[in-house]
Amino acid sequence: MGDVLAGIHATWEFDTDSVLIRFERGIRTPRLFQSLRERRIPYTALSSVTLTPGKRGTVVLRAVPRPGADPLLEAAAGQLKEGNDPYRLVLPAERETLAEYYADELRGVLGSEASLPAERFLVTAPEAPIHFKAYDGRAGFDGALVSFRWFWTGASSAKWKSGDQTFPVAELGGIEWRSPEAFEGYLRLVPRGSAADSDGGPGPDPVPGAGQTSVGRVQPDQDPSAVVFGLGYGPVHESLPFAAAVLESVRRTQSVPVATAPVPVGGARRDPADIAERMRHLGDLHQAGLVTDSEYSAKKAELLAEL
């Protein structure tokens, strides 16, 4: 098409095989859009196009992605609020005729596969390295390994006992992301071959339609393969792109058979001040009766070995 359609918070640039969505960086632009910056959406990733009346004298042009085409929406599992939908372009009502033209043009380039779920991700995921602060730890992803480093102020004793964690993506079967805007939000890594890994990338629970269940599993605040969110920790614009990047990498490596156990961080030497702080916290847990004598001795020896 070769044209540009400018709306509120975003501009769509139409090419021969895709639409490039450039998001504004203004103060009123949703922070998720600012984090994404821009996204190229192949026409093959779309299932349909709609044009509907919006609020306060606007119209909304929306490109509807095919199920399984976009790692960001797969990770979100239906939890994104309307205002955070990156496929919506809001325009003033006086531009409705122009919006109708582009809606018809988009419909004209959709292929026969538009009604079918995508067999692979067709939209590029956010690039690694990427990281964010959760309530109980710092999550990092370098493209091959996911790491959780616990905060002594927020992590449970169960997580402190387990130590910082690293997870090769080849050993993962998927992720669960529960929005921090919901009650008890979290990001959980699902080991390959687990009961929850039925489709390669489970959605969070309990979310209607997610198709997965967390019944009987460890609560996220006690699970070393999960980080929990809180007020100001793990916001959507940081944790969702992170989850999408991990999920995309997991899908690319799922054909390789691997073990499923998470691997504790090791090898690199720690800052002595960090080790001392962790030992003080371990001593507090021991004095409070949350850690047994044998667990205290074993963990203390492990920390000393990192010096």
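The model is a predicted one.

Strands S1, S2, S3 and S4 make up an open sheet of 4 strands, in the order S1-S2-S3-S4, with antiparallel pairing. The edges are taken by S1 (4–6) and S4 (38–42); each has a single partner strand, so one side of each is left without a neighbour in the sheet. From one strand to the next the twist averages 15°. Inside this sheet, S2 (residues 10–14) and S3 (residues 18–23) run antiparallel and are joined by 5 bridges. Phe14 is placed opposite Val19 in S3.

Another open sheet has 3 strands, in the order S5-S6-S7, and its pairing is antiparallel as well. Its edge strands are S5 (46–53) and S7 (88–92), each of which pairs on one side only. Here, too, the twist averages 15° from one strand to the next. S5 and S6 (residues 58–65) run antiparallel, with 7 bridges between them. Leu46 stands opposite Pro65 in S6. Across S5, S6 and S7 lies helix H3 (residues 96–109), which runs at about 165° to S5.

The aromatic residues come next. A pair of aromatic rings is described by the distance of the centres and the angle of the planes. The structure has 10 aromatic pairs, counting rings whose centres lie within 6.5 Å. One of these pairs is Tyr101 with Tyr102: the ring centres are 5.1 Å apart and the planes stand at 75°, so the pair is edge-to-face. How exposed is each partner? Tyr101 counts as partly exposed because its relative accessibility is 41%. Tyr102, with a relative accessible area of 5%, is buried. Both tyrosines also belong to a cluster in which ring pairs link Trp12, Phe14, Tyr101 and Tyr102.

Phe132 and Phe229 form another edge-to-face pair, at 6.0 Å centre to centre and with 65° between the planes. Where do these two residues lie? Phe132 is in strand S8 (residues 130–133), while Phe229 is in the loop between strand S14 (226–228) and H5, so the pair ties together parts that are 97 residues apart in sequence. Phe132 is buried, its relative accessible area being 2%. Phe229 is buried too, with a relative accessible area of 10%.

Two covered elements remain. In strand S12 (residues 172–178), 7 of the 7 residues are buried, and the strand is mostly covered. S12 runs antiparallel to strand S13 (residues 186–191), and 6 bridges join the two. Arg178 has Tyr186 as its bridge partner in S13.

Why can H5 be called largely enclosed by the rest of the structure? Of its 18 residues, 15 are buried, so the helix is largely enclosed.

Key:
Residues numbered from 1 in each chain as written. Predicted model: local features only at pLDDT ≥ 70, side-chain atom pairs only at ≥ 80, totals over all residues. Heavy atoms only, no water. Buried < 20%, exposed > 50% of the residue type's maximum accessible area, 1.4 Å probe, protein only. Pairing = 2+ DSSP bridges. Axes fitted to C-alpha atoms, helices over the stretch in contact; angles between N-to-C directions. Contact = heavy atoms within 4.5 Å. Phe/Tyr/Trp six-rings, centres within 6.5 Å; stacked < 30°, edge-to-face > 60°.
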